[in-house]
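Please look over the sequence and the 3D structure shown below before reading on. The notes that follow move from the whole chain to one helix and then to pairs of charged side chains.

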Amino acid sequence: MDVFLANINHLESVSVLFDKYRVFYNQPSNIEAAKDFLKERFNNNDSVVFAANDNGKLVGFTQLYPSFSSVSMKRVWILNDLYVEELYRRRGIANLLMNVAEEYAKKSGAIRVSLATQISNLTAQKLYESRDYIKNEEFYHYALGLH
């Protein structure tokens, strides 16, 4: 199993995983829209995607989006997406993807990696807490939908 920095040349296979990730979060499957979205991210350097490869088959990915902390005046990476194919779960692939993402963030001089997960996703919470991610109980986070 190896993890590598994906690019536009991996669009087809990463799009399949990205579509499955969205379906996991109760979105309708739309492989063409997934491909268009990722193509735009790759072309505009809007995100960083790492993919897990098992003998030529992509079985997982994580996607980081750049941001900044005004208070610390440092880079922050938002780990927005983490997905492993169901048949490959519980093999340490998510940990491997997170290792690579966190190392990338450190090398970029970032002050932290931030992420969010559904309250009901206990498996993900256990993973993050095992990696020393701390649940924020100091700040409320708000969002405004702009349909």
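As what does K20 count at 33% relative accessibility: buried, partly exposed or exposed? K20 counts as partly exposed at that value, given that buried means under 20% relative accessible area, exposed means over 50%, and partly exposed lies in between, with a 1.4 Å probe and protein chains only. This is a predicted model, in which local features need pLDDT of at least 70 and side-chain atom pairs count only at pLDDT 80 or more, while totals for chains, interfaces and linings use all residues. Residues are numbered from 1 along each chain as its sequence is written, and side-chain values use heavy atoms, with hydrogens and water left out.

**The chain as a whole**

- The chain holds four helices and five strands, where helices (H or I, at least four residues) and strands (E, at least two) are DSSP runs numbered from the N terminus.
- Read from the N terminus, these elements follow the order β-α-α-β-β-β-α-β-α.
- The radius of gyration of the chain is 15 Å, which agrees with the value near 15 Å for a compact globule of 147 residues; this radius is taken over C-alpha atoms, and the globule rule is 2.2 Å times the number of residues to the power 0.38.
- Along the principal axes, the C-alpha atoms fill a box of roughly 40 × 35 × 30 Å, and buried residues make up 37% of the 147 residues.
- Of the contacts (heavy atoms within 4.5 Å) with a separation of 6 or more, 57% are between residues 24 or more positions apart.

**Helix α2**

- Helix α2 covers residues 31-44, and its 14 residues should span 20 Å at 1.5 Å a residue, which agrees with the 20 Å between its end C-alpha atoms; the expected span is 1.5 Å times one less than the number of residues.
- The buried residues of α2 are A34, K35, L38, R41 and F42. Seen down the helix axis they fall within an arc of 130°, so they line one face of the helix, the arc being that of the directions from the axis to the C-beta atoms.
- Among the elements that cover these buried residues are α1 (11-24), β2 (48-54) and β3 (57-69).
- Just after α2, N45 takes a positive phi of about 55°.

**Salt bridges**

- Side chains of opposite charge can pair when their charged atoms come close.
- The whole structure has six salt bridges, each being a side-chain nitrogen of Lys or Arg within 4 Å of a carboxyl oxygen of Asp or Glu.
- One of them joins the side chains of K20 and E85 at 2.9 Å, N to O. Because K20 lies in helix α1 and E85 in the loop between β4 (74-84) and α3 (93-107), the pair ties together parts that are 65 residues apart in sequence. E85 counts as buried at 12% relative accessibility.
- Another joins E32 and K35 at 3.5 Å, N to O, and both residues lie in α2, three residues apart, about one turn of the helix. E32 is partly exposed at 46%, whereas K35 is buried at 14%, and E12, E32 and K35 are linked in a network of salt bridges.
- D46 forms a salt bridge with R41, with the closest N and O atoms 3.0 Å apart; D46 is partly exposed at 27% relative accessibility, while R41 is buried at 9%.
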